Amino acid sequence: MDDLELSYQKGDSTFHRIDPFSKTLYIIAVSITAIFNSSLQVGIGLFLLTFICAAFFSGVPLRTYWKFGRIILPFILILTFIFPFFYAGQLSVGSTEIAIRTPIKDLTWQALGFGALLGLRFVAIAIAGLTYAFTTHPTDMVQAFAKKGLDYRLVHAPVLGLVLFPSFLQLGRDISTTQRIRDLGQDLNPVSRKWIRSKHLAFAMLVMGLRRGQTQAMALDIRGYGAYKQRTFLRPMPQSRGGRIFGWTCFVASVVYLIFQIGNLAGHMQWDM
C-alpha cells in the first residue's frame, strides 16, 4: 500500500500561486455552503467546483487524492446509505412519497435526499481541504496569518498539524509493526487482541504527540517567534490578484446563500435528529 503523505506538494499551479488567506476564504465558503445547503443541484455544483479546482488547478494528480479517498469512502457510504434510516425532518430534498420499502423502515424520497446531501457535503469539504493541504506551504500559512495580526501560537497550531501529520502516521505504522513483531496480545481472541493493541497504540501516540508539540513550542519561543509584529521571512509568499478575487467571491457568495437559507434552517439541520 502506498504511503499517505498529507503534506505540501511542490508545484506552480493556479492554487499554488494563491495566498493562504484567500484559500482559507475558499475553504470557509465551501464549508458554509455545504453545511447549510438544502438543494441537490447546489450540492452537485459545489462538488463539481471542488473537483474541478482539484483536478485542473491544483497541479496534484488525482491519484494522490484517491489515496485519501479510499480511506474516507466507507464514511461517505455510511452517510449516504445508512443515515437516511435516521431521517427525522432535517434539511433535505424530495417528496414525502415512499421510495424504498425495507424491513427496517420505509424510506421516503426526502430520506434518500438527506443521505445524498450528507455524502455530497462530506466529499466537497474533503476535496477542498486536501487541495488546501497539498498546495499550501506551512511557511506561507505562518506569513499570511501573522501579517493579519493573529498570535503566532494560533498561527502555528494548524501549521504543526500539516507538518507533523505525515510523521505522525508513520509513527503509528511503526508502533503497530512493533506490536505484531512482539506478539502483543497474541494469546487473546482477535477482538481482545485488537482492543489491547489499539489501547497501547493510542497511549503511545498521545505521549509522542505531546512531546513533539512541547518541543516545537520551545523551539518557537527560543527563536523569538511573536516578539515582533513584523518578521523577516526568507520564502516569498505567493501573491495572486485573481486568487484574492476568487477567494473573496466564494466567501461573499456563501454568506449571501446562508442569508437566503436562514428561514429554512430552524429545526431542520443535520444535528436536529
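# Questions on a predicted model

Biologist: Is Arg197 buried or exposed, judged by its relative accessible area?
Modeller: The relative accessible area of Arg197 is 16%. The classes are buried under 20%, exposed over 50% and partly exposed in between (1.4 Å probe, protein chains only). At 16%, Arg197 is therefore buried.

Biologist: Which helix holds Arg197?
Modeller: This is a predicted model, so local features need pLDDT of at least 70 and side-chain atom pairs pLDDT 80 or more, while totals for chains, interfaces and linings use all residues. Residues are numbered from 1 along each chain as its sequence is written, and side-chain values use heavy atoms, with hydrogens and water left out. Helices are DSSP runs of H or I, at least four residues long; strands are runs of E, at least two; both are numbered from the N terminus. The run at residues 190–222 contains Arg197, and that run is helix 7.

Biologist: Which residues does Arg197 touch, not counting those up to four places away in sequence?
Modeller: Touching here is contact, meaning heavy atoms within 4.5 Å. With residues up to four places away set aside, Arg197 touches Gln179, Arg180, Asp183, Leu184 and Gln186.

Biologist: How far apart in space are Arg197 and Ser176, C-alpha to C-alpha?
Modeller: Along the sequence, 21 residues separate Arg197 and Ser176. In space, their C-alpha to C-alpha distance is 7.7 Å.

Biologist: What pattern do helices and strands follow along the sequence of the protein chain?
Modeller: The protein chain has 8 helices and 2 strands. Read along the sequence, their order is α-α-α-β-β-α-α-α-α-α.

Biologist: What share of the 273 residues in the protein chain is buried?
Modeller: The protein chain exposes about 16,300 Å², with 66% of that supplied by carbon and sulfur atoms. Areas come from the Shrake-Rupley method with a 1.4 Å probe; for residues, only the protein chains shown count as cover. Of the 273 residues, the buried share is 36%.

Biologist: Which element gives the most to the nonpolar patch?
Modeller: The patch lies on the surface and comprises Leu40, Ile44, Leu48, Phe51, Ile52, Phe56, Phe57 and Leu62, with about 690 Å² of accessible area together. Patch residues have over 30% relative accessible area and no salt bridge; like charges are joined within 9 Å, nonpolar side chains (Val, Leu, Ile, Met, Phe, Trp, Tyr) within 5 Å. The most, 6 residues, comes from residues 40–56, which are helix 2.

Biologist: What is the relative accessibility of Leu48?
Modeller: Leu48 sits in helix 2 and belongs to the nonpolar patch. Leu48 counts as partly exposed because its relative accessibility is 42%.

Biologist: Which residues is Leu79 in contact with, leaving aside neighbours within four places in sequence?
Modeller: Leu79 lies in helix 3, residues 62–81, and counts as buried because its relative accessibility is 15%. The C-alpha atoms of Leu79 and Leu117 are 9.0 Å apart, across 38 residues of sequence. Beyond its neighbours within four places, Leu79 is in contact with Pro84, Gly115, Leu118, Gly119 and Phe122.

Biologist: How far apart in space are Gly69 and Ala126, C-alpha to C-alpha?
Modeller: Gly69 is also a helix 3 residue. Gly69 is buried, with 15% relative accessibility. Ala126 is 57 residues away in sequence, and the C-alpha to C-alpha distance is 8.7 Å.

Biologist: What distance separates the C-alpha atoms of Ala133 and Tyr8?
Modeller: Ala133 is placed in helix 4. Its relative accessibility is 5%, so Ala133 counts as buried. Ala133 and Tyr8 are 125 residues apart along the chain, yet their C-alpha atoms are separated by 6.0 Å.

Key
Salt bridge = Lys/Arg side-chain N within 4 Å of Asp/Glu carboxyl O.
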